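User: I'm new to reading protein models. Can we go through this one together?

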Amino acid sequence: MPEIVLAASPQAHTGRMARLQRLRRATQLGFFALFLCAPALNLLRFDLQETQLWFLGFRWSLGIDAFTRGEISANEAALAILLRGILPAVLFVVGFMTLAWRYGRVYCGWLCPHFSLVETLNELLHRATGKYSLWEKSERSGQAHAGWWPLFLLSGLFFGFAWSITLLTYLLPPTQIWSGLVHGTLTPNQARFILIGGAVFSTEMLLARHLFCRFGCAVGLFQSLAWMANPRALVVAFTRERARDCRDCSTAKAPEGAACDVACPMRLKPRNIKRLMFSCVQCGQCVTECESSHAPRGANPNLEWTVGVDALRETLKQRRQG
């Protein structure tokens, strides 16, 4: 997560936030490519046929097989399990949760392959309907163009089945799966996995993208719980003293106003208190849109990222006002 330093002027800050959004999209694309290629490169996968974990191109063993063959003692096997299994897992979880405690669901907003698809499909649906979710009551911004419907539907189906195929390559040799797809030689179980998984994932991506992120993702839930426990964690602060400025807030993305609400891919209200922003993914799009609406007037934005002592002040202020 890049360190957040406020610029000297609204115009300079807006330019920096635009660059930060481009950096965020680049990290999303890079991690998405890594997610797709990791099994083929043996960077991370568990081969069910060999009962073998691959990590960074190497076979990762806990030493159990060597113990059963009598090559190492019980104490050596226990030490191998501790050092090669339990300790790395604990360090990873602690590191991940420490990052979430400080910055919230930054993994979701900056790296998660699923969330990058959420944003992509949201944009396609917005072009087709003027809304970012089928469940919104009415068109919120932009003009609906029905010609985008086929691309939205085909993209949802394509990503759903691509997701199913990719997950299968994490469990079985990727060359076997892709060869089976090309030559029509998949086993019945492999075909069922792809068809059922593809149907489920496609339905989720077309109908319940951000709803899954908000209510169904365990990784996101634990990040949010850690973030809520830290009053100094990164938070979007709202200058309520200048709330009147929000009345005529508009950008190219939200010509009707409420730019920060429209920009949020999780369909949250960024001006709410932290407790009501439980599933915020720290993508910063609300901050970017707020600054874009204020910069032409030479005014400071009403929304800004704060962390540390400034975030603590915002938390205490919210408690007093709440």
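User: Which helix is threonine 288 found in?

Analyst: Threonine 288 sits in helix 12, residues 285–294. Helices are DSSP runs of H or I with at least four residues, strands are E runs of at least two, and both are numbered from the N terminus. Before we go on: this is a predicted model, where local features need pLDDT of at least 70, side-chain atom pairs count only at pLDDT 80 or more, and totals for chains, interfaces and linings use all residues. Residues are numbered from 1 along each chain as its sequence is written, and side-chain values use heavy atoms, with hydrogens and water left out.

User: Why is threonine 288 called buried?

Analyst: Buried means under 20% relative accessible area, exposed means over 50%, and partly exposed is in between (1.4 Å probe, protein chains only). Threonine 288 has 10% relative accessibility, so it counts as buried.

User: And what makes leucine 167 buried, exposed or partly exposed?

Analyst: Its relative accessible area is 28%, so leucine 167 is partly exposed. You'll find leucine 167 in helix 6, residues 149–169.

User: Which residues does leucine 167 contact, leaving aside neighbours within four places in sequence?

Analyst: Those are Phe35 and Phe201; contact means heavy atoms within 4.5 Å. The C-alpha atoms of leucine 167 and phenylalanine 35 are 9.5 Å apart, though 132 residues separate the two along the chain.

User: How do you know that strand 4 and strand 5 pair?

Analyst: Two strands pair if DSSP finds at least two bridges between them. Strand 4 and strand 5 (residues 303–306) have 4 bridges, in the antiparallel sense. In strand 5, leucine 303 is the bridge partner of phenylalanine 238.
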